[in-house]
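These are my notebook entries on one protein model. I wrote them while looking up its elements one at a time.

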Amino acid sequence: MERSRLDEVRVVVFDIGEVLATPVNLYQELAEALGSDPDAVRDAYWTGRDAHDRGSSLHDYWPGVARLVGVEDQDGALAQRLADIDSATWAAVREDAVSVIRDLKARAVKIGLLSNAPFPMAEAVRASEWARDVEAFFFSAELGMAKPDPEIYVAVTEGMQIAPSQVVFFDDRQVNVDAAIEAGWDAYLWTSGARTRAVLEEIGIL
């Protein structure tokens, strides 16, 4: 692969969860709101999450999480509180991630986000100060599809009017990286913020 691709690359696309954002206390905060154990909340959290990421309502998803840890959401207020905690946590990206985004912006490289995320998280991310430097947002709930569905990668390139070869992509799940490569993207497994910067420097984007 060529080592200098700044002229060829049109957009760098990032996943959010565990790539730009690395929540430390998510399950603890949710457990405190539920009066439950963080480990039990973590297990319940991922039960039905795929459907939530693909567009199910917070009032469908969070009461189910609560029931799995023995809590009933009587009026929907708890669901909203849990959704707010979840969204705010995932929308708070690390400082090293903000630095990379700013440096890409300074070099006139467009930035996109592609995340398996429910509607509340999509709203929170768009409202974040750091997201002002992002040109395009692609959230699974809004698209009605999720990584690694092949169609979601097509939605990004068509939405940004670019060729697959003009995308550099970072994701923390190998299955999503493999699907992106299959779609013609230059995709990398995220391992750390420092490694992400190093990759971008190696291929001549930063």
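In which loop is Gln-166 found? I located Gln-166 in the loop between α9 (150-160) and β4 (167-171). The model is predicted, so I noted that local features need pLDDT of at least 70, side-chain atom pairs count only at pLDDT 80 or more, and totals for chains, interfaces and linings use all residues. Residues are numbered from 1 along each chain as its sequence is written, and side-chain values use heavy atoms, with hydrogens and water left out.

**Entry 1: Gln-166**

I looked up the accessibility of Gln-166 and found it buried, because its relative accessibility is 18%. Buried means under 20% relative accessible area, exposed over 50%, and partly exposed in between, with a 1.4 Å probe and protein chains only. Not counting residues up to four places away in sequence, Gln-166 touches Glu-8, Val-9, Arg-10 and Val-11. Contact here means heavy atoms within 4.5 Å.

**Entry 2: the sheet**

I then turned to the strands. Helices (H or I, at least four residues) and strands (E, at least two) are DSSP runs, numbered from the N terminus. Strands of a sheet pair through backbone hydrogen bonds, either parallel or antiparallel. In this model, 5 strands form an open sheet in the order β3-β2-β1-β4-β5, and the pairing is parallel. β3 (136-139) and β5 (186-189) stand at the edges with a single partner strand each, so one side of each has no neighbour in the sheet. From one strand to the next, the twist averages 20°.

I checked the pairs in turn; two strands pair if DSSP finds at least two bridges between them. Strand β1 (residues 11-14) pairs with strand β2 (residues 110-115) over 4 bridges, in the parallel sense. Val-11 has Lys-110 as its bridge partner in β2. β1 also pairs with β4 in the parallel sense, over 4 bridges, and there the bridge partner of Phe-14 is Phe-170. β4 and β5 run parallel and are joined by 4 bridges; Val-168 has Asp-186 as its bridge partner in β5.

**Entry 3: what covers β4**

Is β4 mostly covered or mostly open? I found it mostly covered, with 5 of its 5 residues buried. On one side Val-167, Phe-169 and Asp-171 are buried, and on the other Val-168 and Phe-170 are buried. Helix α10 (residues 174-182) lies across β4 and β5, running at about 170° to β5. For such angles, axes are lines fitted to C-alpha atoms, for helices over the stretch in contact, and angles run from 0 to 180 degrees between N-to-C directions.

**Entry 4: Leu-26**

Leu-26 lies in helix α1 (residues 26-34). I recorded Leu-26 as buried because its relative accessibility is 3%. Leaving aside neighbours within four places in sequence, Leu-26 is in contact with Tyr-45, Ile-85, Asp-86, Thr-89 and Trp-90. Leu-26 and Arg-42 are 16 residues apart in sequence and 8.9 Å apart in space, C-alpha to C-alpha.

**Entry 5: the largest pocket**

Which residues lie nearest the centre of the largest pocket? I found Gly-17, Trp-46, Asp-53, Asn-116 and Arg-173 there, among the 17 residues that line the pocket. A pocket is an open set of points on a 1 Å grid over the protein atoms alone where a 1.4 Å probe fits, with protein on both sides within 12 Å along at least five of seven lines; lining residues have an atom within 4 Å of a point. Helix α3 (residues 49-53) gives the largest share of the lining, 3 residues.
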